[in-house]
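Hi,

Here is the structure I promised to pass on. Have a look at it first, and then read my notes below.

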Amino acid sequence: MQLTSEDVGAGEVPTRLSYDLYCVKHLSISSIYLSDSDEVSCALCLIRSFPNLQSMEIKVESDDNDIPPLESLEVERFSDVTFNYLREVKLMQTNGTIPEKQLIKLLLTKSPELVRMLIEPCLVEESGTVQILAELIRFQRASPNAEVVYKLDKQPNHHPISFSLARMFSEVDVN
């Protein structure tokens, strides 16, 4: 099943499908522009309509970092949703934009069974990486076991360099 912004008129993307699909356990979104509210609305409609979703992969397309936060990704707008079965999330090609951080925050806040979130960024400057990691540490988590792995090295012949923010979170004072 595919739901796109072409299937419905602008501004008419439903928040949920008219029925839930309990059989869907894995969702892969091959590319999404988080600055496009129609694309984000379609993706969120699908995510909300799969109550038994256990894992998801999302490849983000490049966005402009100066875009304002999207209302559709604000955690407050998801007060009626909890991703009770979501255990693994993989976000690829991220670069630390506001919408990407909103998506990460939303998934961490609404996934009480989350075990691992793997973030594979695009090439980001060291200062940008430090800033992103500092923000990720502060995000609230619904799951005390949620490990956020930020994969830094994309060299094919080397072991990936990564930070596990679950362990760092317990050692850092975030006041």
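A crossover is called right-handed if, with the strands pointing away from the viewer, the path from the first strand over the helix to the second runs clockwise. Helices (H or I, at least four residues) and strands (E, at least two) are DSSP runs, numbered from the N terminus. With that in hand, strand 1, helix 1 (residues 37-49) and strand 2 form a right-handed β-α-β unit.

Please keep in mind that this is a predicted model, where local features need pLDDT of at least 70, side-chain atom pairs count only at pLDDT 80 or more, and totals for chains, interfaces and linings use all residues. Residues are numbered from 1 along each chain as its sequence is written, and side-chain values use heavy atoms, without hydrogens and water.

Strand 1 (residues 26-32) and strand 2 (residues 55-60) run parallel and are joined by five bridges; DSSP must find at least two for strands to pair. One of the residues involved is Ser-28, whose bridge partner in strand 2 is Glu-57.

Next, the helix. Among the buried residues of helix 1 are Val-40, Leu-44 and Cys-45, where buried means under 20% relative accessible area, exposed over 50% and partly exposed in between (1.4 Å probe, protein chains only). Their cover includes strand 1, strand 2 and helix 2 (98-109), judged by contact, meaning heavy atoms within 4.5 Å.

Finally, the cysteines: there are zero disulfides, a disulfide being a pair of cysteine sulfur atoms within 2.5 Å. The sulfur of Cys-45 has its closest cysteine sulfur in Cys-42, 7.0 Å away, which is too far for a bond.

Best wishes
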